[in-house]
Amino acid sequence: GGSIRIDNPYKHLEQYLSELDQLIPKENIGRIEFDFKDLDFCNSNGFYIIMDIAEMIIGTTKGPITVKRLKDDDWQQETLPILLNVDEAEIGARTTFEEFADI
């Protein structure tokens, strides 16, 4: 399994986020797939990083979004839709959740 615990995410990731922000608009991205099946822990700072990365990718693309998550994991079920902003009509209309059993 995987985990994210980042105490000061921007200290370590700021350069990568900046590069990602520059690269994504140049790419011809037809569809997006976020795979969270192996993520079994994420602290609040990790949530902010997920939100930032997702916002960058989703905001500069128009294609469908697939989110792979565990069906029996409460935080993935409750938190991922919030982090990915699927309540926003345009994002919600593009997003499909694929549910997986915890192996």
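Biologist: Is Arg69 buried or exposed?
Modeller: Arg69 counts as buried, because its relative accessibility is 8%. Buried means under 20% relative accessible area, exposed over 50%, and partly exposed in between, with a 1.4 Å probe and protein chains only. One caution: this is a predicted model, where local features need pLDDT of at least 70, side-chain atom pairs count only at pLDDT 80 or more, and totals for chains, interfaces and linings use all residues. Residues are numbered from 1 along each chain as its sequence is written, and side-chain values use heavy atoms, with hydrogens and water left out.

Biologist: Ok, and what does Arg69 form a salt bridge with?
Modeller: With Glu99; the closest N and O atoms are 2.8 Å apart. That pair links distant parts of the chain, with Glu99 in strand β5 and Arg69 in strand β4 (residues 65-70), 30 residues apart. Strands here are DSSP runs of E, at least two residues, and helices are runs of H or I, at least four, numbered from the N terminus. A salt bridge means a side-chain nitrogen of Lys or Arg within 4 Å of a carboxyl oxygen of Asp or Glu.

Biologist: How exposed is Glu99?
Modeller: Glu99 is partly exposed, at 36% relative accessibility.

Biologist: How many salt bridges does the count come to?
Modeller: The count is 5. One of them joins Glu90 to Arg94, with the closest N and O atoms 2.9 Å apart. Those two are 4 residues apart in helix α4 (residues 89-94), so about one helical turn separates them. Arg94 is buried at 10% relative accessible area, while Glu90 is partly exposed at 38%.

Biologist: Which residues are linked in a network?
Modeller: Arg31, Glu33 and Lys68 are, through salt bridges. Between Arg31 and Glu33, the closest N and O atoms are 3.3 Å apart. Arg31 is exposed at 52%, and Glu33 is partly exposed at 40%.

Biologist: Where does Glu33 lie, and what is it in contact with?
Modeller: Glu33 lies in strand β2 (residues 32-35). Neighbours within four places in sequence aside, Glu33 is in contact (heavy atoms within 4.5 Å) with Thr66 and Lys68.

Biologist: New topic: which residues gather in the patch of negative charge?
Modeller: Asp38, Asp40, Asp72, Asp74, Glu78 and Asp102, on the surface. Patch members have over 30% relative accessible area and no salt bridge, and like charges are joined within 9 Å. As for Asp102, it sits in the segment after β5 (95-100) and is exposed at 59% relative accessibility.

Note on methods. Patches are made of residues with over 30% relative accessible area and no salt bridge: like charges are joined within 9 Å, nonpolar side chains (Val, Leu, Ile, Met, Phe, Trp, Tyr) within 5 Å. Accessible areas come from the Shrake-Rupley method with a 1.4 Å probe; for residues, only the protein chains shown count as cover. Lys and Arg count as positive and Asp and Glu as negative; His and the chain ends are not counted. The place of a charge is taken as NZ of Lys, CZ of Arg, CG of Asp or CD of Glu.
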